[in-house]
Amino acid sequence: MTAYVLRRLLQMLPVLLLASFAIFAMIYAVPGGPVAVIVGENAGPEEIAAAIRRYGLDRPMAVQYLDWLGRALAGDFGSSLHSRQPVLQLIGERLPATLQLALAAIVVALAIGIPVAIASAVRPNSWIDRLLSGWSALALGVPTFWLGILLILLFAVELHWLPSASRHVPFWQAPLDALRSLALPALTLGVYVSGILARFLRASLIGEARADYVRTARAKGVPERRIVGLHIMRNAMLPFVTIVGLMMANFIGGAVVTEAVFTYPGLGRLLIQAISTRDYPLIQGCILVILIAYMLINLLVDALYAWIDPRIEYR
Amino acid sequence: MRDGLISLGRRLLARRGAALGLAFLALVALAAAFAGLLPLDPLGQSVADALKPPSSESWFGTDELGRDILARVVYGARTSLVTAFGAVLTAALVGVPVGLVAGFYGGWRDSLLMRCIDVLLALPNILFAMALIAVLGRSQSAALIAVGVAGIPGFARIARAQVMTLRSLDFVTAVRGFGGKPGYIMFRTILPNALSPLVVQAIVLASIAILLEAALAFLGVGVPPPTPSWGEMLRTGKSYLYEAPSYAVLPGLVLTLTILSFDTIGRALTAILDRDETDASGATIGGRR
């Protein structure tokens, strides 16, 4: 197991190196280059000269990259050009909000997706299967920002049940407040993901239902409820773990649109703000952190998958 | 090949969902193409008529500057469809050759190209697009490129998988035996036989491209105003949910129906091609359908 995880970490290195170079080189592609990024486009020659000296911009690009990478590895992503706060601190403030939303959305997605998948897989191609497949298509096709707006119109504007803008309230401090604030964004994201989960689980349930062990169980007279609930479910849930993990990883930065609809203070919104104010150190830091989190969660999911399914060998 | 396309079209129309989707897309495309002939003005402002609900005069109501929302939805269709079409084309023009070369030669070329594709896949689409726009600045061409780049991996992977199954078949070996050069074999022999799954991918990608373009505009980094765009209308409409709920709801409905139409057609095509594959397994190999 340890060897497997170590080898996977090693395999991540080339992708991470390529990506980190692309993220670093980003500011060279901006019109005016890194100097314009730091001092702004309308700076005088003296300011430019000072910035070049201070940030060592006259060194070869490869040297600058290694320098930047070394500091990033030590956790120093520089400071925001606007607030002057360390980039890592800004990111650290937003990360708990993003994780809390991701967890809540996964709970919603599982609560909708699993029953939908079972109901349609029990009788494939029946009217209920077709109806529920329509639901999955709808859940995937409706843009989250439009669904979010519809939910705000219903629950905030019409019924006054829930707030239209969400804040981050840590769940362990005030569970009820946190749930009120999370309800609409988590529902918006959760509905979308429930479409993916339902489609996937339905296919794998139907696949498992054709397996030999199911026929054997039927021949032995095992009740149908027990066959579906125990035998088929257990095997179909295995690949499902991977999908749920991938979705989690996606939420770290990919929930940006939902965060924008509900003005939720997550990592994605920090990145949009950074882009609209052209705060490049913050943009680079956000993307790098999201990328690393994404890859680590993927690795964790694969390791977990191998751990819960004893048939898989770590090779 | 033309006969194949016609029969594919017929079988597509036989499916109710796909036929409805095609009809809706035709309506949107025609309205976008001939918008200039319609009595619609997307830019004319009249502050006295701001935020009016839908009426017989303006079917979708008016926005915060008194502009006709239906007119802006119709002109916004132009923005959406042109960006989506351009993005799919960009993705195909880069992704297909990358996949062909990687799958045809294998070895270090394959490893190198596929590692680059992995980097594109290492971030959620929307983030990648936003990062590109942070570099390129905000414009319609930036949105087009950002959405297009997000579509490259899909084309590359499908083209690669197709080459790898087709390259060892007899008809490819025959062309090789006649002295066909690698470029000729990849683009003239293999590519025409791999078209069907690529066309399906293009349609699937079109729905993703329209969604992504609208999402970027909704976040305020897409096609800049005053060019009408569906995402931008949702973004502004969201500020007037209490005064004019239809402002955000109706453009969003058109956007959603467009995405669902592409998605339905894409899934119907996949189902038809899958059935062909099962029917043909063992009978004919790689023949032009």
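**Exercise 1.** Is the crossing of H9(A) and H10(A) left-handed or right-handed?

*Solution.* This is a predicted model, in which local features need pLDDT of at least 70, side-chain atom pairs count only at pLDDT 80 or more, and totals for chains, interfaces and linings use all residues. Residues are numbered from 1 along each chain as its sequence is written, and chains are lettered from A and ligands numbered from 1 in the order in which they are written.

Step 1. Helices are DSSP runs (H or I, at least four residues) numbered from the N terminus; here they are H9 (residues 212-219) and H10 (residues 224-254) of chain A.

Step 2. The axes, lines fitted to C-alpha atoms over the stretch in contact, are 11 Å apart, at an angle of about 150° (angles run from 0 to 180 degrees between N-to-C directions). H9(A) and H10(A) are therefore roughly antiparallel (over 145 degrees).

Step 3. The crossing is right-handed (near helix turned clockwise from the far one by less than a right angle).

**Exercise 2.** Which residues of H9(A) meet H10(A)?

*Solution.* In contact means C-beta atoms, placed from the backbone, within 7 Å. A:Tyr213, A:Val214, A:Ala217 and A:Arg218 meet A:Ile227, A:His231 and A:Ile232 of H10(A).

**Exercise 3.** Is B:Gly36 buried or exposed?

*Solution.* Step 1. B:Gly36 lies in the loop between H2 (16-33) and H3 (69-105) of chain B.

Step 2. B:Gly36 has 7 other C-beta atoms within 10 Å, so B:Gly36 is exposed (12 or fewer; buried is 20 or more, partly exposed in between).

Step 3. The C-alpha atoms of B:Gly36 and B:Asp110 are separated by 48 Å.

Technical notes: Helix = DSSP H or I, 4+ residues; strand = E, 2+ residues; numbered from the N terminus. Parallel < 35°, antiparallel > 145°, perpendicular 65-115°, else oblique. Contact = placed C-beta atoms within 7 Å.
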